[in-house]
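The following note sets out a reading of the structure shown below, as numbered points for discussion.

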Amino acid sequence: MLAPPKPRPPPHRSLCLRITFSCCTFVTLAFLGLIAAEAAAGGKPSCEHPMLTFIDAKAQRHLPAPVAPAATASWPRKGFDLNRTSSSPRAAARDLSAPAWSFFVGSVTYATPVIDATGNIFVASTCGAIICISPEGRVLWTYHMGWVYPSSPVLLQGSLFVSDGAGNVYALDAATGHPRWIRQFAGSRGTLDAFSLAGDEGILVATTWSGEPGAPTDGATGGQLRALAPRTGEDLWVHELPSSTYNHMPIITSRAVIYSDTEGALWCLDRSSGARLWSTPPITLPQTGPASLPAQHDGSYHDLADSLGGTSISHGGLIYVTGNADWYTGVARAYQETSLELAWEHTFPELSLVANAAAISTIAGVPTLVLGVGLTPPLGLSYLLHPGAPEDSDGYARFDGTYRGRVVALHATTGAALWTFDTPPYNGWMPAGQRPAWRGLPARINFPDSFASPMVGADGVVYISYANGVLYALNGTDGSLISSFQGESAQAEPAVGPHGELVVMMGTTLQVFKDP
């Protein structure tokens with residue numbers, strides 16, 4: 001049962017909040033503008049690794065030949081399985097005090113690495129390089145796509161599939177890096193941020209935006225889902241997106257493709273034709289935040305709040321989705337897979353927006369949904385009405401300049417809270433890992449969500465990174481801290497190799513942990 005909405009704050013607060021929101025928007029757009037301007041000018045990305053210095057687009061640099069990957073990958077895609085549970089069948093390293101080895105990729109990378117059955121790691125970096133790295137940290141081959149923003153890749157039966165921000169989909173031989181085929185969508189371009197290519201042996205699903213002059217780029221019009229044949233790259237079907245998507249990560253079943261949009265609605269398409277089968281309502285609640293918060297064209301709160309989620313998970317007869325009802329309130333929902341009835345809904349406290357995807361696993365016999373909630377730096381500036389005052393007289397929680405993250409575990413069947421873990425307060429104005437241009441070095445822009453996507457090992461350990469640059473290993477039964485590692489803030493999901501090695505892309509550096 002939802003609590004009745006609180007009274008609206010006095011209207012004189014509107015001007016103050018609009019000013020702070022404008023400042024936050026300016027900072028955010030300035031960072032994004034640097035990326036966009038570089039791409040528009042045909043510039044080269046900020047790739048600092050000497051071995052990966054950018055050369056001609058599509059050119060390759062082949063180093064010692066890798067071990068041929070087996071047909072079954074150890075970590076084939078973000079989310080691990082087609083249901084996107086992010087639940088590993090293997091336990092991973094628990095000791096995060098120091099990595100066994102690290103690899104400096106050369107640019108901030110949001111894509112989740114994939115791992116083949118022998119332990120070779122495939123990284124899609126934001127400087128347009130696909131890198132195959134041996135289990136010992138040696139570069140085996142690289143493939144350069146040009147300055148394009150890559151998706152999280154998919155590894156299937158010896159082929160590495162990846163899409164990019166220019167509207168291309170690539171099929172590379174995982175053993176050599178040679179392209180098997182490249183498909184470009186005329187008049188389209190791919191999305192940005194932490195989007196994922198989806199696929200199994202019979203279908204690949206990529207998301208694109210319209211590239212026509214003057215066309216909106218928010219996915220509301222002109223956006224598409226395209227299904228392709230993995231062997232040839234030929235079109236299977238095209239679905240026009242009726243709403244915007246972000247951190248796109250679809251589920252693929254034997255009959256359907258299911259994805260969530262930025263409003264927290266689920267959409268189900270027929271796998272064979274792309275026809276719409278059903279959809280669920282967007283996540284909306286009675287007004288829970290101040291009326292002075294900036295509104296969209298439809299009267300709901302601003303897009304930046306509801307764009308952080310990307311969850312669509314299928315598990316145990318339920319389908320899970322997360323989203324943000326407004327600038328203050330994060331929500332998780334579970335629907336019955338057959339009837340589509342709402343099984344449960346969990347609303348998080350004020351200033352607890354859902355960040356990124358969730359993970360689900362059975363931990364000590366309890367089906368458990370794990371996710372991170374909090375504000376993403378620097379978006380907290382939009383809430384900064386009175387520095388130092390955590391709460392105003394109208395009863396609404398106010399951002400006091402300190403970011404506080406919380407990892408939450410919910411009972412996956414009932415939605416009841418099981419445990420929480422609070423990260424230490426973080427006072428950085430941006431996520432950890434930023435660097436201005438200095439002495440000839442390019443600026444390093446690292447702007448992930450407050451939390452990266454979590455992962456759960458077979459022993460119930462939860463792995464998740466926060467904006468303070470810390471990777472946490474938590475006991476999945478009670479949320480207690482096992483160990484942690486200070487690095488750069490991350491967007492990518494931790495992955496597990498064939499021997500239990502924990503592989504995490506943190507900002508510009510790939511970190512690999514192994515238990516003694």
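Which two strands form a hairpin with two residues between them, and which residue in the turn has a positive phi?

1. The hairpin is formed by strand 24 and strand 25, and the turn residue in question is alanine 364, with a phi of about 50°. The coordinates belong to a predicted model, and the points below should be read accordingly. Strand 24 covers residues 354-363, and strand 25 covers residues 366-373. The two strands pair in the antiparallel sense over seven bridges. One of the facing pairs joins serine 361 to threonine 368, its bridge partner in strand 25.

2. Most residues other than glycine have a negative phi. Alanine 364 has a positive value, near 50°. The residue lies in the loop between strand 24 and strand 25. Its relative accessible area is 69%, and since the cut-off for exposed is over 50%, alanine 364 counts as exposed.

3. Arginine 84 also has a positive phi, near 60°. This residue is found in the loop between strand 1 (60-62) and strand 2 (101-104). Is arginine 84 buried or exposed? With a relative accessible area of 1%, arginine 84 is buried, because buried means under 20%.

4. Valine 370 gives a local view of strand 25, in which it is placed. At 0% relative accessibility, valine 370 counts as buried. Leaving aside neighbours within four places in sequence, valine 370 is in contact with Ala358, Ala359, Val407, Val408, Ala409, Pro454 and Val462. The C-alpha atoms of valine 370 and alanine 357 are separated by 9.2 Å, and the two residues are 13 residues apart along the chain.

5. A further open sheet of four strands has the order 16-17-18-19, and its pairing is antiparallel. Its edge strands are strand 16 (251-252) and strand 19 (276-279), each of which pairs on one side only. Within this sheet, five bridges join strand 17 (residues 256-260) to strand 18 (residues 266-270). Serine 260 stands opposite leucine 266 in strand 18.

6. The largest nonpolar core has 35 residues, and those with the most contacts inside it are Phe103, Ile121, Ile133, Leu502 and Leu510. Elements giving two or more residues to this core include strand 2, strand 5 (129-133), strand 30 (470-475) and strand 34 (509-513). Strand 33 provides the largest share, five residues. A second, separate core of 24 residues includes Leu353, Ile363, Ala432 and Tyr472.

7. Beyond four places in sequence, its contacts include Trp101, Phe103, Pro113, Ile121, Ile133 and Val503.

8. For the protein overall, there are two helices and 34 strands. Buried residues make up 60% of the 516 residues. Of the contacts between residues at least 6 apart in sequence, 59% join residues at least 24 apart. The protein exposes about 18,700 Å², of which carbon and sulfur atoms supply 57%.

9. The average pLDDT is 78, and 71% of the residues score at least 70. Over residues 53-70, pLDDT stays under 50, although the model has 52 contacts beyond four places in sequence for this stretch. Residues 210-221 also stay under 50, with 23 such contacts. Where pLDDT is low, the predicted coordinates should not be read in detail.

Notes. Residues are numbered from 1 along each chain as its sequence is written. This is a predicted model: local features need pLDDT of at least 70, side-chain atom pairs count only at pLDDT 80 or more; totals for chains, interfaces and linings use all residues. Side-chain values use heavy atoms; hydrogens and water are left out. Buried means under 20% relative accessible area, exposed over 50%, partly exposed in between (1.4 Å probe, protein chains only). Contact means heavy atoms within 4.5 Å. Two strands pair if DSSP finds at least two bridges between them. pLDDT is the predictor's confidence in each residue, from 0 to 100. Accessible areas come from the Shrake-Rupley method with a 1.4 Å probe; for residues, only the protein chains shown count as cover. A nonpolar core is a set of buried Ala, Val, Leu, Ile, Met, Phe, Trp, Tyr and Cys residues joined through side-chain atoms within 4.5 Å.
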